[in-house]
Amino acid sequence: MQKLVIEGENRIGGEIHIQGAKNSALPLLAACALADGEIVLHNCPRLSDVYAACRILTCLGCRCSNRGNTVEVNARSISGYCVPDELMREMRSSIVFLGAILGRLGECSLSFPGGCELGPRPIDMHIAALRQMGVSIKEEHGVLRCTCPKGLKGAKISLSFPSVGATENIMLAACLAKGDTVIYNAAREPEIADLGNFLNCCGARISGHGSSTIYITGVRGLHGCEYRVMPDRIAVCTLMSAAAITGGEITLTDARARDVDAVIPVFEQMGCTVFAYEDRIFLSAKRPLKAVRTIRTMPYPGFPTDAQAIVMAALTKAHGTSVIVENIFENRYRHVDELVRMGADVKAEGKVAVVEGVGRLYGANVIATDLRGGAALVIAALAAEGETNLSNVKLIDRGYEEIEKQLSSVGAKIKRESV
Ligand code: EPZ
């Protein structure tokens, strides 16, 4: 087990390059299973979830190698269609392999996915959509056995909610299906656009990706390609929040401002000065931060649920009362009790959290409850008086490349220790 030891009250200042996006790299790696050829993915973040996705590809009989931030995959010899239970439990996004394996092999067997405990993580929309495409799905003792004896066929699919994972699974299953598929009320997250661009690089015929209606015309096969993963927009929000809470200033390079259009105004309402360019963002904060009236998490292009805990951390020291409404996940306030242990004044009930800014936070022994909740505790610790010991770091390593090195490079006093 490892922990982070953080000495608080050090201003964040300097320039940092944004890592590749975890939530794009994972569906792109699943998509590699569709291609009959060599794929080179650049700017892949070095994360435990990425390594887990590579292990799934290897289990399926694909060749997969990591060299720093470059991952090479060759799925020409793919043979397996079963994803091992332990790998499925390791991360929720492994469900997105379902569409890719079905698309390539016509059958798939995997258990219900695990991942962060953000509340029930149903996959009913994934299953309903795949059934519309001709997939027969039986659930036996927690394992989904999927077959499509007559092959996948295109369908008109209307999602009741713009689910990111369901949109990705349908796109992957539709690439090699017979006929046309249309996804109505599709997720519009930038990672969806990245996946569509990648699949088209491999010879797919997709349009409308990034909008709420996506059109896919099935083709006979996909070939290899070379592609660069988009930058991680949640890492952008995380580093902006770290600079904001410490009264610092930071320049983020390879940061796509358009991906965080809904978050920049929140930092400006907190009193930060933000200059946003095509591929870099500058933020300068002054103390004390100001509270923000109401933040509501919504599907893209609304305020991202993944930034909720991260921005809440900064608001714990903002002067006044801020209100947050979490509309996407049922149980995404598990970090609140840990923030309160550090002296924050936050009350969460149902979807709503009320944050009363405090003058001081105090270093404490805290535990990461999930990926973004853990990042929120790091942010609070940067501004807390004294030392914070943050355990369960493996949850943070799922989404951030060596977070202690990133933050140390811009002035934080943070180190990783074994316990
Ligand atoms: C993706 O999760 C991201 N993960 C999440 O990021 C992100 O929070 C989420 O999208 C929303 O933006 C990856 O991309 C790997 P959803 P996903 O399907 O696909 C419900 C992080 O911290 N739902 O859009 O699981 C679901 O329960 C992670 O990086 C159904 O009810 O999100 C949730 O309440 C956390 N039935 C809501 O929709 C379904 O069939 C959003 O889920 C599917 C989803």
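Before we start, one term: strands are DSSP runs of E with at least two residues, and they are numbered from the N terminus. With that in hand, select Ser 109, which sits in strand 6, residues 107–111. Keep in mind that you're looking at a predicted model.

Is Ser 109 buried or exposed? Its relative accessible area is 9%, and buried means under 20%, so Ser 109 counts as buried. Now show the side chain of Arg 145 as well: the side chains of Ser 109 and Arg 145 make a polar contact at 2.9 Å. Want to see who else is around? Skipping neighbours within four places in sequence, Ser 109 touches Tyr 81, Cys 82 and Val 83, along with Val 143, Leu 144 and Arg 145.

**Zoom out**

Show the whole protein as a cartoon. You can trace 14 helices and 23 strands. The radius of gyration is 21 Å, close to the 22 Å that the globule rule gives for 419 residues, so the protein is as compact as a globular protein of that length. Along the principal axes, the C-alpha atoms fill a box of roughly 65 × 45 × 40 Å. Buried residues make up 59% of the 419.

Select Arg 287 and Pro 288: a cis peptide bond joins them, with omega about -15°. Pro 288 is in the loop between strand 16 (280–284) and strand 17 (294–296). Next, jump to Tyr 300 and Pro 301, also joined by a cis peptide bond, this one with omega about 15°. You'll find Pro 301 in the loop between strand 17 and helix 10 (308–315).

Now go to Asn 185, where phi is positive, near 60°. Asn 185 lies in the loop between strand 10 (180–184) and helix 7 (190–201), and it is partly exposed, with a relative accessible area of 30%.

Last stop: Asn 392, with a positive phi near 65°. Look for Asn 392 in the loop that links strand 22 (387–391) and helix 13 (394–397). How does its accessibility come out, buried or exposed? Asn 392 has a relative accessible area of 17%, so with the cut-off at under 20% it is buried.

Definitions and conventions
Residues numbered from 1 in each chain as written. Predicted model: local features only at pLDDT ≥ 70, side-chain atom pairs only at ≥ 80, totals over all residues. Heavy atoms only, no water. Helix = DSSP H or I, 4+ residues; strand = E, 2+ residues; numbered from the N terminus. Rg over C-alpha atoms; globule rule 2.2 N^0.38 Å. Buried < 20%, exposed > 50% of the residue type's maximum accessible area, 1.4 Å probe, protein only. Polar contact = N/O pair within 3.5 Å; in protein donor to acceptor, adjacent residues only side chain to side chain. Contact = heavy atoms within 4.5 Å.
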